[in-house]
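User: I would like to work through a protein model step by step. Please show it, and then I will ask about its parts.

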Amino acid sequence: MTNDQRVFDAVITGASRGIGLAFARRALVRGGRVVLCARGEDELSRACAQLEGEFGRARVHAVCCDVADEDEVAILQRESERFFDGAPFAVVNNAGIVERSAVHEMPLSQWNRVLSVNLTGAFLVSKAFLSAMRAAGRGRVVFVSSISGTLGTPRASAYNASKWAMIGLMKSLAEESREANVQAMAVLPGSVDTQMLVGSGFAPQMSADDVAKTIEFVAYDAPAAITGSAIEVFG
Ligand SMILES: NC(=O)c1ccc[n+]([C@@H]2O[C@H](COP(=O)([O-])OP(=O)(O)OC[C@H]3O[C@@H](n4cnc5c(N)ncnc54)[C@H](OP(=O)(O)O)[C@@H]3O)[C@@H](O)[C@H]2O)c1
């Protein structure tokens, strides 16, 4: 693994399907190594085996991890830094869930579940890798927010609040990390043709790979001056 290839190494949460898996494939095509994370072991193993078959076993590692659990995120961090023999270049906070209720009917448990995965999970995963990225003096943290992070949607207040808040987290992180040469950006997709959209009533506007291409751009190709930006994918 040359230094040039190491700049494509990525930790991707929510990588067992959908947008995360599509981005993992793009990172591998660029020549990087990937650590895939999700909770469901069977689906994660299948995704890992599929990518190992295409790109080789030495370049793919899977860690079963709930991003909302700090102890499990610590294991993700240790295993990733062992696999990469150092810091990843890109951390992609993509794991997410949606649960739908109107505010006046929403149980607190539902609110807490959505916020703990989408927002606290992104905080915990970013925090876990930032020390090594800062010490390396390079890296990018990408937040997969949503166009729902710019507007209100009926019966999706917890989801929308989490996606707005991810953008605030990203912007603060971008300011804190500027001097360390670590950039932070958010990608805000519209309706994507993945499992998450099934039953939502929204028609897909784009493929998972359309979003993966945008993540690829902000993670690898965009200038450092893009830090702090929230990129809408909503055409
Ligand atoms: N689909 C859309 O229309 C759309 C639009 C805008 C933004 N987004 C965002 O894009 C991201 C990816 O969504 P997707 O559309 O690809 O959905 P998806 O197909 O449902 O994939 C979600 C991924 O996240 C994982 N995940 C969920 N909770 C997790 C947790 N607590 N810890 C670790 N992994 C977890 C899932 O695996 P497990 O369930 O096995 O953990 C799965 O790998 C999400 O953040 C979503 O909010 C999606």
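The questions below concern this predicted model.

User: In what order do the strands of the open sheet stand?
Analyst: Strands of a sheet pair through backbone hydrogen bonds, either parallel or antiparallel. Here the pairing is parallel, and the open sheet has seven strands. The twist from one strand to the next averages 15°. The order is β3-β2-β1-β4-β5-β6-β7.

User: Which strands stand at the edges of that sheet?
Analyst: An edge strand has a single partner strand, so one side of it is left without a neighbour in the sheet. The strands in that position are β3 (60-64) and β7.

User: Which residue in β5 does Val92 stand opposite?
Analyst: β4 and β5 pair in the parallel sense, over four bridges. The residue in β5 that stands opposite Val92 is Val142.

User: Is Val11 buried or exposed?
Analyst: Val11 sits in strand β1 (residues 10-13). Leaving aside neighbours within four places in sequence, Val11 is in contact with Val35, Ser80, Pro88, Val91, Val92 and Phe129. A residue needs 20 or more other C-beta atoms within 10 Å to be buried. Because Val11 has 31 C-beta neighbours inside 10 Å, it counts as buried.

User: What separates the C-alpha atoms of Val11 and Phe84?
Analyst: Along the chain, Val11 and Phe84 are 73 residues apart.

User: How many Å apart are the end C-alpha atoms of helix α7?
Analyst: Helix α7 (residues 208-221) has 14 residues, and at 1.5 Å a residue it should span 20 Å. The distance between its end C-alpha atoms agrees with this, being 19 Å.

User: What covers the buried residues of α7?
Analyst: The buried residues of α7 are Ala208, Val211, Ala212, Thr214, Ile215, Glu216, Val218 and Ala219. An α-helix has 3.6 residues a turn, so residues three or four places apart point the same way. The cover over the buried residues of α7 includes β1, α2, β4 (90-93), β5 (139-144), β6 (182-189) and β7 (230-233).

User: Which element gives the most to the shell around the ligand?
Analyst: The ligand is surrounded by 33 residues, and the closest are Gly14, Gly18, Arg39, Gly40 and Gly96. By class, the shell has 16 nonpolar, 13 polar and four charged residues. At least two residues of the shell come from each of α2 (18-29), β2 (34-38) and α5 (108-136). The element that gives the most, with three residues, is α2.

Key
Residues numbered from 1 in each chain as written. Predicted model: local features only at pLDDT ≥ 70, side-chain atom pairs only at ≥ 80, totals over all residues. Near = placed C-beta within 6 Å. Nonpolar A, V, L, I, M, F, W, Y, C, P; charged D, E, K, R; others polar. Buried ≥ 20, exposed ≤ 12 C-beta atoms within 10 Å, placed from the backbone. Contact = placed C-beta atoms within 7 Å. Expected span 1.5 Å × (residues − 1). Pairing = 2+ DSSP bridges. Axes fitted to C-alpha atoms, helices over the stretch in contact; angles between N-to-C directions.
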